[in-house]
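Morning, everyone. Please take a look at the structure on the screen, and I'll walk you through it.

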Number of protein chains: 2
Amino acid sequence: MLSKSRLKYIQSLHHKKFRDENSAFLAEGTKMVEEALQFAPDALLEAYATPEWLSEHPFIFKQAAVTCQEVSEADMQRMSSLHTPPGVLMVLRMPEPAVHAFPGLTLLLDGVQDPGNLGTIIRTADWFGIRHIVCGTGTADVFNPKVVQATMGSIFRVQLIYRPLLNFLDAHAETPVVVAHLDGQSLPETSLPLPAFLVIGNESKGVSDVITDRASLKISIPGSGQTESLNAAVAAAILMYAWHN
Amino acid sequence: MLSKSRLKYIQSLHHKKFRDENSAFLAEGTKMVEEALQFAPDALLEAYATPEWLSEHPFIFKQAAVTCQEVSEADMQRMSSLHTPPGVLMVLRMPEPAVHAFPGLTLLLDGVQDPGNLGTIIRTADWFGIRHIVCGTGTADVFNPKVVQATMGSIFRVQLIYRPLLNFLDAHAETPVVVAHLDGQSLPETSLPLPAFLVIGNESKGVSDVITDRASLKISIPGSGQTESLNAAVAAAILMYAWHN
């Protein structure tokens, strides 16, 4: 039986303030459990599941360092951040961003606000083997349950670093900065540098002027239609594909 | 002052059944109004705006064939499909799908269920100059207000055709069918046919077997990460980019 204080603690992790205070976040669903146990087993702090989920997945937590505690459907509904709880919920420790070298392509997000876009960008980055994403001021919180779920497990493989982008660029001034820009060079005709920092802008305002001023290369995705812009996650995906191939 | 029957009619258009019965749908916001007046002026049936919106945009409807009726903030809240109504709402006639030739790249959606993904795919298709999207059984309704808004106006330029995909393929058997598939040829090393039908699958199940059996070409997007799949709208965008360039 789940204690009131434990329930309250888990519910508090629906909010950024308490996630940051506790350096902990939630992830739900069978796929997320499998990904966490494979790629971030040390991050697992607590696990809870309904009787139904446990009877369907009796072996998943067998090798884990943490015991999965059984909770009622009603308690799971109260703990879950999702409208339809998938029956299993984990509390995970936020990773400690280490000091890095950035040898390949690194994404810099200049205020990507939509949680769905952020989740999709992380998942796509994982697909293309990108290891680091630097999130500037105004970017959505990766530990927001919506983002966690939208990453489909990629959150356990791609490292997210929250830092003001200008500070980050100052500390890594040797790496070329590339900005997607309507007046840039045409992407398929451009030779792309590596290592590189690729900046993805805010959904409505694009990349800010102070960051654009730092760009050593501006590139555009050629289109033939009449729409003004591409969705931020879509533009990021096309750029990552071009770098990868 | 808005009549009760008019309010009820507009509210009914939040639901697919009544949209289909009336061949009408809703779109909201200044950008959608500008796009509709430029690209689909004949589709505009009714328009409503708050006093605040009208005072900020006194000229937009000046040349339109339809008068924009002033409604109170409270009525707009009741009419709107959005949590925060942007202050202007249109009732539009659904376009009549004409009989077509399909000379370029045409997208076929095999059960894309997420309204956000459908909206993003339409917007990306518009960017790359794609004129037609065929929506198979199980694909979200393009006239769902969430999809309409997510297209950012592209709904007025890209034609959506709802038809079972097997029927459609039978009627256009001469055009090559291309399916994205994990075991397909590597996209950057493949010469892409034109005209072509490019099939985008369901978010969790991918392209159905009966459609995959019709494919003359299977292609894969090479990655180096460990995530299982790309988001449907992201995969569609990378494929459209590759075709365009």
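In chain A, four strands form an open sheet in the order E1-E4-E2-E3, and the pairing is mixed. Which strands sit at the edges? They are strand E1, residues 24–28, and strand E3, residues 68–70, of chain A. Each of these pairs on one side only. From one strand to the next, the twist averages 20 degrees. A word of caution before I go on: this is a predicted model.

Now one pair in that sheet. Strand E2 of chain A covers residues 44–49. E2 and E3(A) pair in the parallel sense, over three bridges. Find Tyr48(A) on your screen. Opposite Tyr48(A) stands Gln69(A), in E3(A).

Next, a helix over the strands. Helix H3 of chain A, residues 30–39, lies across E1, E2 and strand E4 of chain A. Strand E4 spans 88–93. H3 runs at about 35 degrees to E4(A).

Let's zoom out to the domains. Chain A is divided into domain 1, 4–93, and domain 2, 105–244. Taken over C-alpha atoms, the centres of these two domains of chain A are separated by 30 Å. Where they touch, 14 residues of domain 1 of chain A are in contact with nine residues of domain 2 of chain A. Which elements give two or more residues to the domain 1 side? In chain A, they are helix H2 (16–22), E1 and H3. H3(A) gives the most, with five residues. By type, that domain 1 side divides into seven nonpolar, two polar and five charged residues.

Finally, the two chains. A rotation of 180 degrees, with 0.1 Å of shift along its axis, superposes chain A on chain B, with an RMSD of 0.0 Å. The two copies are thus related as by a two-fold rotation axis.

How many residues does the contact take from each chain? There are 28 from chain A and 29 from chain B. On the chain A side, helix H6 (115–127) and helix H10 (232–244) each supply at least two residues. H6(A) gives the most to that side, with six residues. The chain A side divides into 12 nonpolar, 13 polar and three charged residues.

Why say that the copies meet through the same surface? Because 100% of the interface residues of chain A are also interface residues in chain B.

Terms used: Residues are numbered from 1 along each chain as its sequence is written. Chains are lettered from A and ligands numbered from 1 in the order in which they are written. This is a predicted model: local features need pLDDT of at least 70, side-chain atom pairs count only at pLDDT 80 or more; totals for chains, interfaces and linings use all residues. Copies are superposed by least squares on the C-alpha atoms of residues with pLDDT of at least 70 in both. Two residues are in contact if their C-beta atoms, placed from the backbone, lie within 7 Å. Two strands pair if DSSP finds at least two bridges between them. Axes are lines fitted to C-alpha atoms, for helices over the stretch in contact, and angles run from 0 to 180 degrees between N-to-C directions. Ala, Val, Leu, Ile, Met, Phe, Trp, Tyr, Cys and Pro count as nonpolar, Asp, Glu, Lys and Arg as charged, and the others, Gly among them, as polar. Domain bounds come from an automatic or database domain assignment.
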